[in-house]
Amino acid sequence: IDAAQATFRKFAEAWLDDQEPLWSKANAVRVRNRIERDLDPQFGKMPIGSIDSVMILRALRKIEARGSIETAKRVRGYILAIFKKAKGERLVSAAMILEIEEVKDALKPARPGTKQPALTTLPELLELQLCVDRSTSSPITKLASRLLALTLVRIGVLRTALWSEFHG
């Protein structure tokens, strides 16, 4: 690829094409939208080798300014992956990869999540199930909650379970 024609958009598209088969449909749409909304307007037509870490930090600061701290961190990760692909083509230096990694230190810290302690006593578990039963949720959601409690598996595992995996 000619360095002048190796735009950020071309590398982003190539990276997305490689990654999307590995992701869920929802995640693929989310990542693509973030790149198109937050990066493409600023970097899309630029040769990837002409983008520097100051420009990247400025783009990430715009994301932070709208209150999307965690999104800014994730977008930095996408940029890093795209630039690593370009490094493999010898269009950006290893030093540039290090600079993008260091941008992480300049970003705002994400708010710590709240702890959700496990319910470990029978009365606590019964109270939770009663709250679910009294909720305005659909009957399917209420049944799914009970099945989840009975199987003790993660929600994603339960959602993708096949009928052949249930016995008895």
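Here are legends for a few close-up views of this predicted model.

The model is predicted, with local features needing pLDDT of at least 70 and side-chain atom pairs counting only at pLDDT 80 or more, while totals for chains, interfaces and linings use all residues. Residues are numbered from 1 along each chain as its sequence is written, and side-chain values use heavy atoms, leaving out hydrogens and water.

**View 1. How α3 packs on α4.** Helix α3 (residues 53-65) and helix α4 (residues 69-88) pack at about 150°, their axes 8 Å apart. That makes α3 roughly antiparallel to α4 (angles over 145 degrees count as such). The crossing of α3 past α4 is right-handed. Helices here are DSSP runs (H or I, at least four residues).

**View 2. Who touches whom between α3 and α4.** From α3 come Ile56, Leu60, Ile63 and Glu64, and they meet Ile69, Thr71, Ala72, Val75, Arg76, Ile79 and Phe83 in α4 (contact is heavy atoms within 4.5 Å). Sorted by class, that's 8 nonpolar, 1 polar and 2 charged residues.

**View 3. The largest pocket.** Its volume is about 690 Å³. A pocket here is an open set of points on a 1 Å grid where a 1.4 Å probe fits, with protein on both sides within 12 Å along at least five of seven lines; lining residues have an atom within 4 Å of a point. Of the 22 lining residues, Leu125, Leu128, Gln129, Ser145 and Ala149 sit closest to the centre.

View 4. The lining of the largest pocket has 16 nonpolar, 3 polar and 3 charged residues.

Conventions
Axes fitted to C-alpha atoms, helices over the stretch in contact; angles between N-to-C directions. Helix = DSSP H or I, 4+ residues; strand = E, 2+ residues; numbered from the N terminus. Parallel < 35°, antiparallel > 145°, perpendicular 65-115°, else oblique. Left-handed = near helix turned anticlockwise from the far one by under 90°. Nonpolar A, V, L, I, M, F, W, Y, C, P; charged D, E, K, R; others polar. Points joined across faces, edges and corners; volume = space filled by probe spheres on them.
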